[in-house]
Amino acid sequence: MTSSDLAEPSVLNTIFPWERGTYDPPEAYSWLRENEPVRRVVLHDGTPAWLVTRYDDVRRILSDPRVSSNQMLPGFPQIELVPRPSEEESTFLNMDAPMHTVFRRLISKHFVVKKLDAMRPRIQALVDERIDDMLKRGEPLDFVEEIALPVPSTVIAWLLGVPPADHPFFNRETDALLAASLGTPEAIDRATEAYGNINAYVDGLITAREALDEPGEDILGNLVQASRDGVIKRQDVLNTAWLLLVAGHDTTANMISLGMLTLLEHPEQLAELRARPDLVPQAIEELLRYLTIVHLIVLRIATEDIEIGGVTIPAGEGIVPLNFSANRDDAHYPDAAALDIHRGARDHFAFGYGMHQCVGQPLARIELQIVFETVLRRLPDLKLAVSPADIPFKSHASINGIASLPVTV
Ligand code: HEM
């Protein structure tokens, strides 16, 4: 029986987003792909938005110049219950050309593979140091705290030029910031405090660069120079630093922790990877596709009427191109619901698609490759210390992940 034989799922008439499985998207996505690939739904604030579910249609929408990422436009889909940032706080994630292009040019040259490859030895040393520490302290340990959080946050600290002496502060505060997704009142209060601390700290880094004749050739230096030249505003320097911090930390951390858990839950594929570390890069692509952890962040609005999937999305209405659904489209990936480290597909949308496609993806890939290759090699006995059912999933967050991963080594 295919899902076209099934009646329309009742969840389609409830407020979007819908509950997903631990590893899998909401079941209704597969019904939509087959029966109503572009469907109008209602969000929690009552505004409508169009879900796009098929691989080819998601690609079409994300490369269509008639869509905008500008969240200030009335009708832009708001998925999270938290208030959207003010215009002052807007980053290039939510800008369109030509301003988006100005920022991409400033930033993307720092994320070219050749430049990032030079960071490999430092990242390797960092991961080795974390593993040495785990082995020394014994068990059980939380893989999230030991590896998944500190590796990406240290790498971002390097990128932003945070001096080593301040790394403990920076890691502590960014961890507290991310813990907001746990949703408890204490976690939210502490995250608000951490937000203020990081903001003041990064502002201080910028002020120190501004005092120099030559602000430097790294990301912060280039941004400070651009604000000095009047190409961007000072506030943009701070906003961009924030964007890198937020976009590069939680995402990579959750990919490390949830990716590890997924492998532990697929012991045959894990054993094969231990025996064949050359398969690690393609296994990471498959984990990126299969998990699509950044699954409700890619949002757009139509600036003109757009015909797609047999319907017309009217100008001014929101669009949710569902990259998680596209990545599980059987028409593009046979048996898409299965994890298969041999699939070898790099054309997934885990990093988005089109002009906003993740600028940090080469860095994320390097971090993931080093972490997985090193953990598999150096921790051959790594096992879950609790039942998989007891792992706390961040089931309502727009970035999927797990809050802790108790393991023995
Ligand atoms: C596994 C880790 C990561 C995943 C899954 C991920 C995913 C994504 C996705 C889906 C988008 C597209 C958003 C859209 O189209 O609206 C995006 C954009 C972006 N990501 Fe990543 N990301 C990751 C790691 C990183 C890292 C390490 C950095 C930088 C340190 C980074 C920086 C950015 C930035 C700046 C954008 C905005 C690009 C633009 O609007 O032009 N990301 N990311």
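Helix α10 (residues 219-228) is largely enclosed by the rest of the structure, because eight of its ten residues are buried. Buried means under 20% relative accessible area, with a 1.4 Å probe and protein chains only. Helices are DSSP runs (H or I, at least four residues), numbered from the N terminus. The model is predicted: local features need pLDDT of at least 70, side-chain atom pairs count only at pLDDT 80 or more, and totals for chains, interfaces and linings use all residues. Residues are numbered from 1 along each chain as its sequence is written, and side-chain values use heavy atoms, without hydrogens and water.

The buried residues of α10 are Ile-219, Leu-220, Gly-221, Asn-222, Leu-223, Val-224, Ala-226 and Ser-227. Their cover includes α3, α7 (150-159), α9 (185-210) and α11. Gly-230 follows α10 and has a positive phi, near 80 degrees.

The ligand is surrounded by 23 residues, each with a heavy atom within 4 Å of it. His-100, Arg-104, Arg-300, His-356 and Cys-358 are the closest. By class, the shell holds 14 nonpolar, seven polar and two charged residues. Here Ala, Val, Leu, Ile, Met, Phe, Trp, Tyr, Cys and Pro count as nonpolar, Asp, Glu, Lys and Arg as charged, and the others, Gly among them, as polar.

An oxygen atom of the ligand lies 2.7 Å from a side-chain N or O atom of Arg-104. For Arg-300, a ligand oxygen atom is 2.9 Å from a side-chain N or O atom. The largest share, six residues, comes from α11.

The ligand's iron atom has Cys-358 (SG) as its only protein donor, at 2.3 Å. Donors are N, O and S atoms within 2.8 Å of the metal (3.2 Å for Na, K and Ca); water is not among the atoms, so sites may look incomplete. Cys-358 sits in the loop between α14 (323-326) and α15 (361-378).

Conventions:
Polar contact = N/O pair within 3.5 Å; in protein donor to acceptor, adjacent residues only side chain to side chain. Helix = DSSP H or I, 4+ residues; strand = E, 2+ residues; numbered from the N terminus. Buried < 20%, exposed > 50% of the residue type's maximum accessible area, 1.4 Å probe, protein only. Contact = heavy atoms within 4.5 Å.
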